[in-house]
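Please prepare a briefing on the structure shown here, with attention to one residue's surroundings and to the arrangement of the sheet.

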Amino acid sequence: MKLYGYWRSSAAYRVRIALNLKGLCAEQLSVHLVRNGGEQHQAAFKALNPQELVPALVVTDDNDERAELVLSQSLAIIEYLDEAFGGEALLPGDIEQRALVRAMAMGIACEIHPLNNLRVLQYLTGTLKLDDAAKNDWYRHWVEQGFGALEQQLQQYSGRYCFGDQVSLVDICLVPQVYNAKRFNIDLSPYPNICRINDECLILPAFIDAAPENQPDAQ
């Protein structure tokens with residue numbers, strides 16, 4: 001397997017965590033999201049992933065007998081890894097619990113993250129000519145709204161981790177989002193469960209190894 005990503009990409013961070021939790025190895029290939037206008041926009045990568053986003057996971061079978069399978073979108077990649085390989089399950093076996101975990105994970109990956117992703121922030125400051133203060137206000141608003149809702153859900157469903165005492169897809173999405181919130185100096189004190197669970201995850205080897213600062217392309 002080959003994982004095209006970027007050290008600071010939240011979505012690529014999620015996939016790195018999932019690979020580690022599943023005990024899987026993938027060749028890491030860096031796609032710099034800023035240099036030269038963003039390498040994700042270059043023809044070679046666009047041919048691999050027309051969405052021009054990381055991560056992209058390239059999978060072949062052991063004998064290289066089939067065409068390469070190219071997967072995009074971090075949640076789809078993670079669910080593929082969970083279904084295709086053994087090891088630690090990233091989603092509960094119970095259908096109702098699985099739906100709850102997916103909903104909480106999507107609350108982060110589909111509601112918070114897209115609104116403060118790099119290309120959105122570049123549009124705000126480039127095309128719309130917002131200054132850094134306005135950009136940061138935008139970022140803060142959506143993180144606080146999303147984290148406020150998640151904190152309420154965690155009061156109901158969390159144990160040691162986001163959903164009970166087993167690491168799940170929600171934790172995989174949460175940790176990169178907290179990392180980004182800290183980068184933008186978001187006050188996390190109103191979210192004690194989020195902070196507690198983030199700290200619990202960050203002592204696990206799978207999360208430590210996947211951390212942005214531990215990647216070969218970290219700058």
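Ala-210 counts as buried because its relative accessibility is 0%, where buried means under 20% relative accessible area with a 1.4 Å probe and protein chains only. This is a predicted model, in which local features need pLDDT of at least 70 and side-chain atom pairs count only at pLDDT 80 or more, while totals for chains, interfaces and linings use all residues. Residues are numbered from 1 along each chain as its sequence is written, and side-chain values use heavy atoms, with hydrogens and water left out.

**Surroundings of Ala-210**
- Ala-210 lies in helix α9 (residues 205-210), helices being DSSP runs of H or I with at least four residues and strands runs of E with at least two, numbered from the N terminus.
- Leaving aside residues up to four places away in sequence, Ala-210 touches Tyr-13, Arg-16, Ile-17, Asn-20 and Gln-215, contact meaning heavy atoms within 4.5 Å.

**Sheet**
- An open sheet of mixed pairing is formed by four strands in the order β2-β1-β3-β4, where two strands pair if DSSP finds at least two bridges between them.
- The edge strands, each pairing on one side only, are β2 and β4 (69-72).
- Strands β1 (residues 2-5) and β2 (residues 27-30) pair in the parallel sense over four bridges, with Leu-3 opposite Gln-28 in β2.
- Strand β3 (residues 56-59) pairs with β4 in the antiparallel sense, also over four bridges, and Val-58 has Val-70 in β4 as its bridge partner.

Technical notes
Buried means under 20% relative accessible area, exposed over 50%, partly exposed in between (1.4 Å probe, protein chains only).
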